[in-house]
Amino acid sequence: MMGGLTCFRDVRDRYRRVDGKHGPLGIFALRPQLTEFVQETYLCGEFEPRGAHGGYRGSFP
C-alpha cells in the first residue's frame, strides 16, 4: 500500500491561498472541500507544478 494524498483540484484557487495548518486560511479549514483522496503515485492530468512560494508549505525553504 502506498500513502494517500488529499487532492484539492476543484478548489485550487482557495488552496493557493492556504497559509498554514490552522485558522480561516489553514489547510484544515479547507479539508471538507477536498476533491478526493489519491495514491501518492497517481498522475493527474490537471497537475500544475507549484513555484517556490505557492500552495501549502510552498512558502517554506
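This is a predicted model: local features need pLDDT of at least 70, side-chain atom pairs count only at pLDDT 80 or more; totals for chains, interfaces and linings use all residues.
Start with Cys-44: with a relative accessibility of 18%, Cys-44 counts as buried, where buried stands for under 20% relative accessible area, exposed for over 50% and partly exposed for whatever falls in between (1.4 Å probe, protein chains only). The cysteine sulfur closest to that of Cys-44 belongs to Cys-7, and at 5.7 Å it is too far for a bond. Cys-7 is buried too, its relative accessible area being 12%.

Residues are numbered from 1 along each chain as its sequence is written, and side-chain values use heavy atoms, with hydrogens and water left out.

Now for the overall layout. The protein has two helices and two strands, and going along the sequence they come in the pattern β-α-α-β. These elements are DSSP runs numbered from the N terminus: helices are H or I runs of at least four residues, strands are E runs of at least two. Of the 61 residues in the protein, 25% are buried. The protein exposes about 4800 Å², and carbon and sulfur atoms supply 57% of that; the areas come from the Shrake-Rupley method with a 1.4 Å probe, and for residues only the protein chains shown count as cover. A contact here means heavy atoms within 4.5 Å. Among contacts in the protein with a separation of 6 or more, 53% are between residues 24 or more positions apart.

Leu-5 sits in strand β1 and is partly exposed, at 42% relative accessibility. Setting aside neighbours within four places in sequence, Leu-5 is in contact with Glu-36, Phe-37, Val-38, Gln-39 and Glu-40. Leu-5 and Tyr-42 are 37 residues apart along the chain, and their C-alpha atoms are separated by 9.1 Å.

Move along to Arg-9, in the loop between β1 (4-7) and α1 (12-16). Not counting residues up to four places away in sequence, Arg-9 touches Thr-35, Glu-36, Cys-44 and Glu-46, so the buried Cys-44 from the opening turns up again here.

Next, the charges. Side chains of opposite charge can pair when their charged atoms come close. A search of the whole structure turns up three salt bridges, each being a side-chain nitrogen of Lys or Arg within 4 Å of a carboxyl oxygen of Asp or Glu. Arg-9 makes one of them with Glu-36, the closest N and O atoms being 2.6 Å apart. Because Glu-36 lies in strand β2 (residues 36-39) and Arg-9 in the loop between β1 and α1, the pair ties together parts that are 27 residues apart in sequence. Glu-36 itself is partly exposed, at 27%.

Glu-46 and Arg-12 form another salt bridge, at 2.4 Å from N to O. This pair also links distant parts of the chain, with Glu-46 in the segment after β2 and Arg-12 in helix α1, 34 residues apart. Glu-46 is partly exposed at 43%, and Arg-12 is partly exposed at 24%. Arg-16 and Asp-13 pair up at 2.9 Å between the closest N and O atoms; both lie in helix α1, three residues apart, which is about one turn of the helix.

Which residue is buried yet has no salt bridge? That is Arg-14, whose nearest side chain of opposite charge, Asp-19, is 7.2 Å away; for charge, Lys and Arg count as positive, Asp and Glu as negative, and His and the chain ends are not counted. Arg-14 lies in helix α1. Apart from neighbours within four places in sequence, Arg-14 contacts Pro-24, Leu-25, Gly-26, Ala-29 and Leu-30.

A search of the whole structure finds one aromatic pair. The rings of Phe-8 and Tyr-15 have centres 5.7 Å apart and planes at 20 degrees, so they are stacked. For rings of Phe, Tyr and Trp (its six-membered ring), a pair needs centres within 6.5 Å; planes under 30 degrees apart count as stacked, over 60 as edge-to-face and the rest as tilted. Phe-8 is buried, at 10% relative accessibility.

Technical notes: A disulfide is a pair of cysteine sulfur atoms within 2.5 Å.
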